[in-house]
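Here are my notes on this model, point by point. Please keep the structure open while you read.

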Amino acid sequence: MHIPDGFLDPYLSVLMYIIALVFLTWAWRGVKKTFPRSFVSVMAVSSAFVFVGQMLNFPIVYGTSGHLVGGTFLALLLGPHAAVISMSIVILIQAVFFADGGISTFGANIFNLAVIGGLSFYAVKLLSNPSSSQKRLSASVFVASWLSVVLGALAAAIQIGVSSMFASVGGVLVTVPAMLFWHVIIGACEAAITTSLTSQFLRVKPTMLNGLAILRGVAYERRY
Amino acid sequence: MRGVTKAIILIIVGLVVLIPFASTFPDGLEKVVESLGVEEPDSMWSGIMPDYTFPFTTNPYLTKLISGLIGLFLAFSIPWAVGRVTTCKHSVKK
């Protein structure tokens, strides 16, 4: 879902850079204020995991593939702020070293993958409450991670749709349904992976889910 | 620290095992672009290891594995460094 260079009009690239910068500032401040140093290793390991997850595509249908985005998973591990920072670093590495996603579209990719992924944390929060059962929590994680992919794809579809490169093929009216068609399916795979990973963590090592701790209103300092 | 090593080893094992099974089909966005017949413009930056290939080997497995391991190292160390800089010093250490 990484938008390559050249697909977006210059004004849109600049606009997305500004929007990404606003969210990055928000995330940076959040991390500085609350993120415990003892959790830096978890941030590093989970970023490495997300990098590998995004590198390995799984086939879906009709000769198309998808890959894990991992935004919701990061948010549950690290909390929304650190998830945005961590994912943005992964996207930066992909763009600079592997030409996966453009440099000029970096802002747009941060918004579509990192910001929407990180903010899916609040979808989990909305759908479950601190005392929810594990079933309800898993269902919320499933819906939130599916939404994060579908909304990210919708944002990407709108961005390329309003750009001049796609004007001749029909613009937003064509790109939005086409992108949603594939990403509804890719999102379901993402949701299945995220939900099973989260429930494994809950079973084996629930203290790792720092994001979940925030969700349940447990203070950082008290836990670590 | 032991947990970190264990997790990284698990991720590397996952990478080693799953590379041959990774799909080379276009992803959702690439498929849409392809089906609409839009030409992908020449990239202004082609990266150091474009599309997860390592320049000095032609073996399709090794090239992905080496670039993946380099990426994994970067994706581990940069967030670590950024994390150290951003986090508050007064937090309780393990």
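1. Start with Leu209(A), which sits in the loop between helix H7 (172–204) and helix H8 (210–215) of chain A. Helices (H or I, at least four residues) and strands (E, at least two) are DSSP runs, numbered from the N terminus. Is Leu209(A) buried or exposed? Leu209(A) is buried, because 20 other C-beta atoms lie within 10 Å. The cut-offs are 20 or more other C-beta atoms within 10 Å for buried, 12 or fewer for exposed, and partly exposed in between, with C-beta atoms placed from the backbone.

2. What does Leu209(A) touch, leaving aside neighbours within four places in sequence? Its contacts are Leu76(A), Leu77(A), Phe201(A) and Leu202(A). Contact means that C-beta atoms, placed from the backbone, lie within 7 Å. Pro36(A) is 173 residues away from Leu209(A) along the chain, and their C-alpha atoms are separated by 13 Å.

3. A word on the model. This is a predicted model: local features need pLDDT of at least 70, side-chain atom pairs count only at pLDDT 80 or more, and totals for chains, interfaces and linings use all residues. Residues are numbered from 1 along each chain as its sequence is written, while chains are lettered from A and ligands numbered from 1 in the order in which they are written.

4. Now check confidence. Chain A averages a pLDDT (the predictor's confidence in each residue, from 0 to 100) of 86, and 96% of the residues score at least 70. Within chain A, the lowest mean is 45, in helix H9 (residues 220–223), and the highest is 92, in H4(A). Over residues 219–224 of chain A, pLDDT stays under 50. For that stretch the model has nine contacts beyond four places in sequence. Where pLDDT is low, the predicted coordinates should not be read in detail.

5. Look next at H4(A), residues 80–98. Its 19 residues reach 26 Å from first C-alpha to last, close to the 27 Å expected at 1.5 Å a residue. The expected span is 1.5 Å times one less than the number of residues. H4(A) is mostly covered, with 16 of its 19 residues buried.

6. Ala99(A) follows H4(A) and has a positive phi, near 55 degrees. Ala99(A) counts as buried, because it has 22 C-beta neighbours inside 10 Å. Phi of Tyr62(A) is also positive, near 50 degrees. Tyr62(A) lies in the loop between strand E1 (58–59) and E2 of chain A. Tyr62(A) counts as exposed, because it has 11 C-beta neighbours inside 10 Å. Most residues other than glycine have a negative phi.

7. Turn to the interface. Here 53 residues of chain B are in contact with 58 residues of chain A. On the chain B side, helix H1 (2–18), helix H2 (28–35) and helix H3 (60–86) each give two or more residues. H3(B) gives the most, with 14 residues.

8. The axes of helix H2 (residues 40–55) of chain A and H1(B) come within 10 Å and cross at roughly 0 degrees. H2(A) is therefore roughly parallel to H1(B). Among the residues that meet are Val45(A) and Phe49(A) in H2(A), and Ile8(B) and Leu15(B) in H1(B).

9. Finish with H2(B). Its buried residues include Leu29(B), Lys31(B) and Val32(B). The buried residues of H2(B) pack against strand E2 (65–66), helix H6 (134–161) and H7 of chain A.

Terms used:
Contact = placed C-beta atoms within 7 Å. Axes fitted to C-alpha atoms, helices over the stretch in contact; angles between N-to-C directions. Parallel < 35°, antiparallel > 145°, perpendicular 65-115°, else oblique.
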